[in-house]
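My notes are set down in the order of the look-up.

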Amino acid sequence: MYKLSRSRVITILAICLAGIFFAVPNVVSNKDMLPSWWQPINLGLDLQGGSNLLLQVKLDDVLKERMSTNEDSVRQILRENRIRYKSLTSSENGVKVVIENAGSRNKAIPLFRKIDDGILVDEESDGALLIHYSDAALNQLKAKVVEQSIEIVRRRIDELGTKEPLIQSQGADRIVVQLPGLQNPEYVKELLGKTAKMSFHLVDSTAKAGDAKRGKLGGKYKLAYGEMGEPYVITRKPVVGGENLVDAQPSFQDGQAVVSFKFNTQGGKKFGEVTKDNIGERLAIVLDNEVISAPVIQSAIMGGSGVITGNFTVESANDLALLLRSGALPAPLEVLEERTVGAGLGADSIKDGVIASCIGLAAVVVFMVAAYGLFGVFTTVAVFMNLILMLGVLSLMGATLTLPGIAGIILTIGMAVDANVLIFERMREEVKNGRSTRDAADAGFTEAWSTIVDSNLTTLVAAFVLFYFGTGPVRGFAVTLAVGIATSMFTSVTVTRLIITAWLMKYKPTKLPI
């Protein structure tokens with residue numbers, strides 16, 4: 001007890017100083033001047049205000065698009081193998097083809113199964129074949145689409161510079177987006193409402209829109225419309241896809257806002273070949289099934305980069321560049337729920353949390369001083385150090401503090417003195433048993449240690465269970481509770497012990513003040 005090594009004392013003091021150092025940003029007024037590694041605790045949506053959006057991934061649209069692609073594959077297989085068929089249609093449930101000849105059906109079935117992984121082919125009574133995905137493949141496809149949607153949403157939100165957004169799945173096809181500090185969600189809703197699927201198609205200037213509407217042009221071409229409703233007959237298959245884009249930036253050309261883009265090596269090679277072989281033809285730039293520009297190819301573009309022109313404003317050019325940089329959503333998103341928390345309400349929550357913390361702290365201090373005198377004062381110092389260490393650890397972790405998190409802090413204020421109560425009561429027992437002042441103090445720390453560990457370990461297990469199974473606010477409570485338990489064990493045992501040891505060595509009392 002009284003022979004604390006110098007290295008141990010230095011370690012305890014170093015940990016305390018580190019906690020103070022990382023807690024300092026929380027009281028700095030101009031936080032923008034601080035480096036990125038030395039930042040305060042982030043405040044959650046309920047403390048600084050912001051927007052909460054619940055989005056639904058429209059998986060039916062993805063299935064329809066996937067089945068439409070499979071329909072093209074089925075049509076190509078039938079043509080290549082000269083298999084006669086009566087009708088060919090697709091829906092979100094699958095692709096249905098009617099082949100009257102039994103031998104032709106038997107020939108086509110193994111070919112259809114090779115279209116994609118998880119494809120099943122069911123033969124119906126009327127000679128029709130239904131090409132669809134198995135349940136396992138369908139569930140895997142849906143999970144992948146939701147996962148990709150979350151990643152694209154995160155990229156787009158990060159482009160806005162929003163600090164500590166919460167983006168996570170909810171159920172099978174929903175996404176929760178919480179944006180602390182953002183009071184107007186309209187712009188975000190507009191940003192997330194666009195799938196931003198861009199592709200490049202050649203325009204057939206000789207074909208007529210009416211023929212395309214009546215299906216006279218075959219499966220190679222389709223009809224698309226521009227911003228003003230003008231029709232374009234374009235190739236169904238894009239000559240270059242948007243997945244080959246690696247960068248997009250707003251810029252100016254002849255005083256007009258445009259969007260410059262750049263392809264990867266593969267996309268640049270394709271783009272160069274297409275522009276080289278089709279000089280004089282028009283190339284349609286299609287965004288979300290709408291032709292935003294259809295310039296005439298003047299010369300081969302071999303540098304892997306180009307410019308999108310149109311009736312852009314500076315803002316719309318910047319938005320389009322942002323969408324293209326972040327990537328296309330695999331499925332449209334629908335806003336199911338929207339909530340906005342005002343900054344004033346968040347400030348009130350912080351104020352109420354601070355008041356509750358002060359009341360709890362004052363009650364703990366009064367009780368400890370009344371019950372244990374001078375040692376209660378020592379415990380008060382340890383409790384304040386525990387709060388500082390909690391702030392330091394949470395700041396170092398980059399944690400986001402929510403209202404339940406404040407509840408976790410208030411709870412740990414009360415629990416922080418549990419260990420000291422055990423230690424001091426043990427000291428009293430040892431004094432009653434006739435042990436000396438120093439021996440009683442030593443026994444108080446050593447004999448109570450196992451009980452302290454047991455009581456705090458059960459609380460830590462509960463905190464880990466809450467964190468593992470909980471979401472959002474529950475996790476915030478679990479994090480602050482776990483951090484508070486860990487720091488309180490340190491301050492209650494080591495910091496308090498260091499203070500009491502220094503007091504005993506200096507004053508050499510014959511009676512403990514408890």
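The entries below cover the sheet, then a serine, then a helix.

**Basis.** I worked from a predicted model, in which local features need pLDDT of at least 70 and side-chain atom pairs count only at pLDDT 80 or more, while totals for chains, interfaces and linings use all residues. Residues are numbered from 1 along each chain as its sequence is written, and side-chain values use heavy atoms, with hydrogens and water left out.

**Sheet.** I took helices (H or I, at least four residues) and strands (E, at least two) as DSSP runs numbered from the N terminus, and counted strands as paired if DSSP finds at least two bridges between them. I found four strands in an open, antiparallel sheet, ordered 3-4-6-5. Strand 3 (87-91) and strand 5 (119-123) are its edges, each pairing on one side only. Strand 5 pairs with strand 6 (residues 128-133) over five bridges, in the antiparallel sense. I noted V121 opposite I131 in strand 6.

**Serine.** I located S395 in helix 11 (residues 374-397).

**Helix 12.** I recorded 13 residues in helix 12 (residues 403-415). Its buried residues include G405, I409 and M415.

How values were computed
The expected span of a helix is 1.5 Å times one less than its number of residues. Buried means under 20% relative accessible area, exposed over 50%, partly exposed in between (1.4 Å probe, protein chains only).
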